Amino acid sequence: MERLHSIFVAPFADMVAAPDFFLQVVWEGLVSGVLYALIALGFVLIFKSSRIFNFAQGIMVVFAALTLVGLHERGVPALLAVPLTLVVMFFLAVAIERVVLRPLVNQPDIILFMATIGVTLFLIGLGETIFGGENKVMITSELGIPTGSWIMEPFGGFVSIEQKDVTAVVGAVLLVIALLVFLNKSKMGRAIRALGDDHQAALSVGISLSTIWVIVWFISGIIALATGIVWGARAGVSFALEVIALKALPVLMLGGLESVTGAIVGGLAIGVLEKVFEIYWGQPLLGGNTEAWFAYVLALLVLLVRPQGLFGEKIIERV
Amino acid sequence: MKMKHVTALAAGILAAGIAAPAFAQEVLKLPNMSYRTGPFAATGTPHMNGQLDYMTMLNERDGGIGGVRIAFEECETGYNTEKGVECYEKLKSEGALVTQPWSTGITLQVLPRTNVDEIPMFAPGYGFSAMQDGKTFKWAFNPPTSYWDGASMIMQAVADGNLDSLDGKKIAFLHLDHPYGKEPLPLLEAMAGTHGFELLPIPVGLTEMQNQSAQWLQIRRERPDFVIMWGWGAMNAGAITEAVKTRYPMEQFVSVWWGAHEPDLKLVGEQAKGYRALSWNFVDSESKLMQDVKTHVVDAGKSQLNQGAGEFDTTAYQRGILMSVILAEAVEAAQTEAGTPMINQEQLRKGLESVNLDEARLAELGAEEMMAPFAMSCSNHTGHASAWMIEWDGTKFVKVSDLMTADRAVIDPLVEKASADYAAANQPWQMNDDCAE
């Protein structure tokens, strides 16, 4: 009976007893969710246009953030370092297309996936050779990102909101809107979607595979830079950021590999639910650290009902 | 003519083949299982640079140890236990005199093999605390002080020397969810039972190292009197950043020695003022030891350290130097005892048991301000060096305590039990029956 009480009653009683704390938990979950969604977006974009599961997305986040900080350390002003980093990410996209993807056109998906593992290992080595392995401070204030916090006092308690987290959320929302407009309204965006729907048909109407791949990898590079700035502002820039990409996997399973909406909804849902579960059930009942597995269990449950994810496309193959 | 050339070539190859093993023997193979890549590289790299630079310095200044050059090869593990085991096997096959696993997880994985392979395992400042028992762990060494020693000293520090004052208090134990992070738990649980404080273990997973909001929300809710951190890699920087964000009082936040890492503190600078860490070493860049390293290695362009980032003056880099000092002392002791500069694994094991870094020897090395004296023996494979509590003043660490010592009355019975349990679980386990102490 006591066990049932601790599962079904006590957590909700805690939420009601300290609503300010509950709000803080939900806010922290939302911020994490936005960050997961950003990483997942990078995966979705590349998968949508080329059916490649880009294992290198995590290291691209690290590489972009390190390039930005590294350029600034070498005396480049912060606001100039951002476009220069984008130039680097563009040339990286061109190099990946020329050296890795183009020779592997028409190869099975698994070969292309393995190639992105190769890209990951190369970028780890290149990044460490150029920038070293130590933690670096993100140039948050130099980029004009506010670093203070707002303290609100609802329900007689307090909720602390970091201004850089608010900036991250606003930035992510703007990025997603821009991405959706680009994909749905621009000619190039429609070409990307066409390529994702049917390679052969898209090629037959003159859409250039190479150009699209470069653009898609470059956009993923932009998303990687935004993600790197936001994560780096929270806990510094190091190669540890790479493991955060693992968090995008359950988001993709939940939301669907091809869906921008799925990445966003999946990211936010996992961010909030894993935080609430950890605080109210995980820590009191299971010893904590449930965030390591909760998202995967949630994604598995969704897959049992919808194997293509919440927003993924149901593929029917004729034999 | 052609035949003559072929014969000469064959003779050359044969001669090289015969000579090669003989030549290969003329170095002291003291490899390191390093991790300069991955999420733990930020804290691993400066330690490994320090270890490497001291050995390079001995090669450059003294021509090695006892006139034999040191081969300090690195095998990259990425702090991954599976890769660590692969490295162990590789280094073993190459005739390593010692293995340095550089992770408690890898240490625990290869520990059972040490008795079979008969290669000393050197785990300075980490590993399984019960390895102090040299009668049980004949081939494993964890000087100068163990995690249980460290936990005991930290508890004394937070209790201001009176452990009974912790009665009724709540102490959060924020740790990496990894064998290393869990290592001090048996001691802390025993102390909680004896002294009446509530222990609140808070694990941090690998993917949560940089996003510890859930852990720090728990700390905000539970309001512990102290937070003791057992972190590594990106976890420490993440925790310090979250502590600042949560406004947790820094003077109640204490770490084991791995948390004394200046670059992590510089992320928040002044806001981390008052943060403390227990450390068995202290920075002394002007010491003779460090100046020798600077002259023969750093200034000579033979170091991999990041000079621009001030790595030379960090606690981690200088701790790495001291780790190699201990190993080099063991090699020298082994050479003296064996009467030959070319030693084998068994001789190095005895050398490790003979390490005696007393005040005089530390002064001779020029490291008297950098660490406390200690000695190992047949039965004592840790040495139990004392340590300082150091505090972040906003820009650097300063000493805020005299040398502290661990409470042997609490630790030794736990070690005895853990050793006996380990030997029973790993039968047939070879005890060191020659160890009479």
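For these notes, a helix is a DSSP run of H or I at least four residues long, and helices are numbered from the N terminus. I am working from a predicted model.

**Entry 1: the end of a helix in chain B**

I then checked the length of the helix itself. Helix α9 of chain B covers residues 234-246, which makes 13 residues. At 1.5 Å a residue the helix should span 18 Å, and I found its end C-alpha atoms 18 Å apart, so the two values agree.

Next I asked how many residues of α9(B) are buried. I used the cut-off of 20 or more other C-beta atoms within 10 Å. By that count 10 of the 13 residues are buried, so the rest of the structure largely encloses α9(B). I listed the buried ones: A234(B), M235(B), N236(B), A237(B), G238(B), A239(B), I240(B), T241(B), E242(B) and A243(B).

I then looked up two residues of chain A.

F155(A) is not a glycine, yet its phi is positive, near 55°. I placed F155(A) in the loop between β1 (149-152) and β2 (159-162) of chain A. F155(A) has 13 C-beta neighbours inside 10 Å, so I put it down as partly exposed.

N289(A) is not a glycine either, and its phi is positive at about 60°. I found N289(A) in the loop between α13 (260-286) and α14 (294-305) of chain A. Is N289(A) buried or exposed? I counted 22 C-beta neighbours inside 10 Å, so N289(A) is buried.

Most peptide bonds are trans. I looked up two cis ones.

A cis bond joins P143(B) and P144(B), with omega about 0°. P144(B) sits in the loop between β6 (140-141) and α5 (147-158) of chain B. Another cis bond joins Q427(B) and P428(B), where I read omega as about -5°. I located P428(B) in the segment after α15 (408-425) of chain B.

**Entry 2: two helices of chain A**

I took α3 (residues 19-50) and α12 (residues 248-255) of chain A as a pair. Their axes are 9 Å apart and the packing angle is about 70°. An angle of 65 to 115 degrees counts as roughly perpendicular, and therefore so do α3(A) and α12(A).

Which residues make the contact? From α3(A) I wrote down Y36(A), A37(A), I39(A), A40(A) and F43(A). From α12(A) I wrote down A248(A), V251(A), L252(A) and G255(A). Sorted by class, the contact of α3(A) with α12(A) has 8 nonpolar residues, 1 polar and no charged.

**Entry 3: the domains of chain B**

I looked up the domain assignment of chain B. Domain 1 is 27-146 + 284-386, and domain 2 is 148-282 + 390-412. Taken over C-alpha atoms, the centres of these two domains of chain B are 26 Å apart. In the contact between them, I found 28 residues of domain 1 and 26 residues of domain 2.

I then followed the side of domain 1 of chain B that touches domain 2. Helices α2 (41-62), α4 (104-117) and α12 (315-338) of chain B each supply at least two residues of that side. The largest share, 5 residues, comes from α12(B). By class, I recorded 12 nonpolar, 13 polar and 3 charged residues on that side of domain 1 of chain B.

Terms used:
Residues are numbered from 1 along each chain as its sequence is written. Chains are lettered from A and ligands numbered from 1 in the order in which they are written. This is a predicted model: local features need pLDDT of at least 70, side-chain atom pairs count only at pLDDT 80 or more; totals for chains, interfaces and linings use all residues. The expected span of a helix is 1.5 Å times one less than its number of residues. A residue is buried if 20 or more other C-beta atoms lie within 10 Å of its own, exposed if 12 or fewer, and partly exposed in between; C-beta atoms are placed from the backbone. Axes are lines fitted to C-alpha atoms, for helices over the stretch in contact, and angles run from 0 to 180 degrees between N-to-C directions. Angles under 35 degrees count as roughly parallel, over 145 as roughly antiparallel, 65 to 115 as roughly perpendicular and the rest as oblique. Two residues are in contact if their C-beta atoms, placed from the backbone, lie within 7 Å. Ala, Val, Leu, Ile, Met, Phe, Trp, Tyr, Cys and Pro count as nonpolar, Asp, Glu, Lys and Arg as charged, and the others, Gly among them, as polar. Domain bounds come from an automatic or database domain assignment.
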